[in-house]
Each structure stands twice: as structure tokens, then as C-alpha cells.
Amino acid sequence: MIKLLKNAEVYTPEYIGKKDILIADSRIAKIGDSIDIDESLATIIDLKGKKIVPGFIDSHVHICGGGGEGSFRSRTPEIQLTDMTTAGVTTVIGVLGTDGTTRTMTNLIAKAKGLKEEGVSAFVLTGSYEIPVRTLTGKVTDDIILIEEVIGCGELAVADHRSSHPTADELLRVASDTRLGGILSGKAGIIGVHMGDSRKVTDLLLEAVDKGALPIKQFVPTHMNRNPYLFEAALKYGKRGGYLDFTTSTTPEFLADGEVKCGKATKLCLEAGIDISQITYTSDGQGSLPEYDTEGNFKGVKLGKCETLYEAVKEGMEEENLKLENIIKVITSNPATIFKLKGKGFIEEGFDADLVILDENLDIDGVLALGRVVVENKAPIVKGTFEK
């Protein structure tokens with residue numbers, strides 16, 4: 001239960017140089033220049049030439065499956081443990097999405113509990129696209145206060161033809177209930193908001209913020225890079241202090257239609273004066289990526305994947321010259337801070353030993369989740385209950 005990682009370049013996510021990390025059970029016990037321990041008491045792993053970053057947090061994943069825009073056969077499969085771990089993801093926040101009928105809060109919470117039993121960390125947002133919100137207990141506030149895994153509400157859909165077209169007052173009421181649940185439980189009480197393709201973009205969000213007494217950071221709008229006009233609105237929204245979540249799962253068709261790559265979106269935000277702490281990436285893993293024609297008719301669907309999360313980070317480094325210690329925050333310290341995930345997102349003494357080991361090419365070489373090695377030499381060594 002004791003491991004000593006030696007000689008790695010450590011990013012907390014800030015770069016702190018070559019360090020040793022002592023892990024006791026599931027937590028980081030000590031970080032030092034040189035830590036010595038009796039070899040009979042610990043597993044010693046020499047990581048010379050490699051880098052260690054915090055375990056990745058994917059804060060928008062359809063863990064029990066999603067979609068269904070192409071009827072029942074297009075419902076996407078639930079996530080498997082290695083879909084996460086081989087992508088470096090050690091913490092996940094599950095959401096329902098479009099379908100709040102055949103995918104329910106009982107499904108979502110049960111899947112989160114199952115992932116926790118398999119050795120990773122899992123949380124959920126209560127509800128789906130629609131308002132009134134479908135909850136477990138009957139009230140958003142009660143779900144957040146009483147159910148351990150529930151930390152907020154979402155993904156509520158706005159500016160989308162699949163949404164329930166809520167008014168600002170309706171959105172504000174749900175946001176207020178969510179905030180209250182967070183205050184009374186010590187959780188984030190965040191509203192995850194799905195942004196669609198409507199030209200109304202962030203109008204409803206800003207109307208709710210301006211009309212009510214809630215801070216703009218009560219909301220985390222996602223898919224903010226999905227088209228040029230939404231991204232233009234995202235820059236204005238970010239300048240007002242709001243959070244911006246960029247989706248990493250994409251298709252060549254989406255990009256051809258003007259979706260902005262995450263790395264480029266990040267660089268443009270930084271150039272516009274938006275702080276990196278306002279930006280997160282999420283994969284939309286296991287979510288459907290539906291395509292529609294100009295009249296809104298369904299054309300086809302592809303599957304979102306967690307593996308795109310770090311691929312987008314690496315692409316940002318390669319194509320936009322973003323530094324590792326900066327861009328890695330969008331999938332580590334930023335979501336941990338925004339969603340109040342205690343012990344997550346940083347490499348610090350007393351924090352959970354969720355770690356990703358990168359090789360000389362910055363590819364994922366190994367992963368530790370709560371102190372247990374789950375990926376080694378680029379291969380999963382721990383698999384989910386029904387994985388072969």
C-alpha cells in the first residue's frame with residue numbers, strides 16, 4: 001500500500017522540478033527532492049526521464065450512455081473503466097443529456113457508484129436537458145444535499161432545438177435551487193448548461209444573470225467552441241468573468257462547419273485577456289455527436305470519447321505553443337476548483353494520489369487512481385468488472 005515514485009519531473013500543475021512522491025494507501029504522503037525508504041516497506045518506481053501531472057478530471061461524461069437522436073438503436077453505450085483510465089481520467093462527472101426518459105437519475109447514480117467501486121472517483125449532476133428538472137428525490141436542492149455523488153444540476157439545454165426552451169425566470173429558479181443545495185451541503189452547486197446551435201447563443205444565460213442575484217460563475221456553459229458565432233459570444237461571456245467549457249470530442253464534419261479547435265479557442269481566449277482559470281475541457285464522452293441537415297433532419301451519429309480530452313491538450317501544445325504547466329490546468333486544477341472536488345486536481349501532500357505519468361513524447365505512459373496503478377507501460381492492468 002506504500003509506493004515511492006522517484007526522479008520524475010513534477011507538474012502540480014505548476015512545474016516544481018524533479019521530485020520524489022511518496023504514496024501511502026490512496027493519498028500523497030510526502031513530496032521531496034529525495035525520499036528514502038526501506039525497500040521492504042514500499043514499491044519503488046523509478047520514473048527518470050518522465051513527467052507526472054495530476055490525474056485528469058473529465059467533468060462532462062455520459063457515464064450511463066446517452067443520445068438516441070436516431071431512435072432507440074442510436075442510444076450510446078455506458079462507459080467502461082478503461083475508457084477512462086487509458087485516457088488518464090481518474091475523476092469523472094456524469095450527466096444524462098438529451099434523454100431523461102430511458103436514462104434516469106437512478107441509472108446515473110448507480111453507474112457512478114459502480115465506477116467508485118472499480119477504483120476511480122465519480123460524481124454526477126442531477127437532471128437532463130429539460131426543465132422542469134427530473135431528479136431522484138423530487139427536488140434539485142434535496143438531491144444535492146442528500147445524495148453524496150450529486151454536486152450540481154445539468155446539463156440543462158438552452159439555445160437548442162432539443163431543449164425545453166426555458167425562460168430566464170425558469171432557468172433562474174433552477175439555478176437558485178442548485179446554489180442553495182450547494183451552500184447547505186458544502187458542494188459546488190454548479191449549473192452545467194448545454195449550449196446549442198441557435199443564434200441566440202448566450203442571450204438567455206446573460207438575461208438570467210442580469211435579472212437575478214446569482215454570480216455568473218454559478219453556470220458552466222459547455223460546447224462553447226461548437227461554431228464560430230457561439231465562440232464569438234463565448235469571448236464576450238468570458239470577459240464578463242464567466243466560465244467557458246470547450247468540448248474535445250468532434251468530427252471532421254463539425255470542424256468543417258466551423259467548430260473551433262480547443263487549443264485555438266484557448267489561445268484566442270488568453271489573447272483576449274480571459275484567465276486560464278476560467279477555461280475547462282470536457283470530452284462529452286459516451287455522448288452522441290449527431291449530425292442534422294439544414295432542415296433539422298437527423299443524418300447520423302458518432303460517439304464522444306474520453307481519450308479526446310488529453311489529445312486536445314497535447315494538440316494545443318503542438319499547434320498553438322501552449323505550455324504544459326498552463327494548459328494542463330483545464331483538465332486538472334480548474335475543474336477541481338470550479339466543482340469543489342476536495343483532494344483533486346493538484347499534486348500536493350494530503351491530496352488523493354491521482355496521477356498521470358507522461359513519457360518523453362508527452363504520451364500517457366502510466367496512470368494511478370487513488371494510489372493504485374491502473375495503467376502501466378501504456379496498457380491497462382486493472383479492468384472493469386465486465387471487461388475482458
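Colleague: How many cavities of 30 Å³ or more does the structure hold?

Modeller: Rolling a probe the size of a water molecule over the atoms shows where empty space is left. A cavity is a set of points, on a 1 Å grid over the protein atoms alone, where a 1.4 Å probe fits but cannot get out; lining residues have an atom within 4 Å of a point. Volume is the space filled by probe spheres set on the points, which are joined across faces, edges and corners. This structure holds two cavities of 30 Å³ or more. This is a predicted model, so local features need pLDDT of at least 70 and side-chain atom pairs pLDDT 80 or more, while totals for chains, interfaces and linings use all residues. Residues are numbered from 1 along each chain as its sequence is written, and side-chain values use heavy atoms, without hydrogens or water.

Colleague: What is the volume of the largest cavity, and which residues line it?

Modeller: The largest cavity has a volume of about 90 Å³. Its lining is Ser59, His60, Leu125, Glu155, Gly192, Val193, Val220, Thr222, Asp245, Thr280, Thr282 and Phe339. Strands S6 (56-61), S10 (190-195), S11 (219-222) and S13 (279-282) each give two or more residues to that lining. Strands here are DSSP runs of E, at least two residues, and helices are runs of H or I, at least four; both are numbered from the N terminus. By class, the lining of the largest cavity has four nonpolar, six polar and two charged residues. Nonpolar means Ala, Val, Leu, Ile, Met, Phe, Trp, Tyr, Cys and Pro; charged means Asp, Glu, Lys and Arg; the others, Gly among them, are polar.

Colleague: Which residues line the second largest cavity?

Modeller: They are Lys261, Gly263, Lys264, Glu315, Gly316, Glu319 and Glu320. About 30 Å³ of space lies in this second largest cavity. Helix H8 (262-271) and helix H9 (308-320) each give two or more residues to its lining. H9 supplies the largest share, four residues. The second largest cavity has no nonpolar, two polar and five charged residues in its lining.

Colleague: Now the pockets. Which residues lie nearest the centre of the largest pocket?

Modeller: A pocket is an open set of points with protein on both sides within 12 Å along at least five of seven lines. Asp197, Arg226, Phe254, Pro290 and Tyr292 lie nearest the centre of the largest pocket, out of 37 lining residues. Helix H7 (252-256) and strand S14 (288-292) are the elements that give two or more residues to this lining. S14 gives the largest share, five residues. The space in the largest pocket is about 860 Å³. Its lining has seven nonpolar, 16 polar and 14 charged residues.

Colleague: Which element gives the largest share of the lining of the second largest pocket?

Modeller: Strand S8 (residues 121-126) does, with three residues. The second largest pocket has a volume of about 360 Å³. Of its 19 lining residues, Phe123, Glu148, Ile151, Leu341 and Lys342 lie nearest the centre. The classes are eight nonpolar, three polar and eight charged.

Colleague: Back to S14. Is Ser288 buried or exposed?

Modeller: Relative accessible area decides: buried is under 20%, exposed over 50%, partly exposed in between (1.4 Å probe, protein chains only). Ser288 lies in strand S14, and it counts as buried because its relative accessible area is 11%. The side chain of Ser288 makes a polar contact with the side chain of Glu69 at 2.7 Å. A polar contact is a pair of N or O atoms within 3.5 Å; within protein, one must be able to donate a hydrogen and the other to accept it, and residues adjacent in sequence count only if both atoms are side-chain atoms. Beyond neighbours within four places in sequence, Ser288 is in contact (heavy atoms within 4.5 Å) with Gly67, Glu69, Thr76, Val301 and Lys302.

Colleague: Where is the peptide bond with omega near 5 degrees?

Modeller: It runs from Ile131 to Pro132, and it is cis. Pro132 is found in the loop between S8 and helix H3 (140-146). The peptide bond from Gly154 to Glu155 is also cis, with omega near -5 degrees. Glu155 lies in strand S9 (residues 150-158), and Glu155 is one of the residues lining the largest cavity.

Colleague: What is the phi of Asn7?

Modeller: Asn7 has a positive phi of about 70 degrees, although it is not a glycine. Asn7 sits in strand S1 (residues 2-11) and is partly exposed at 25% relative accessibility. Asp25, not a glycine either, has a positive phi of about 60 degrees. Asp25 is in the loop between strand S2 (15-24) and strand S3 (27-32). At 45% relative accessible area, Asp25 is partly exposed.
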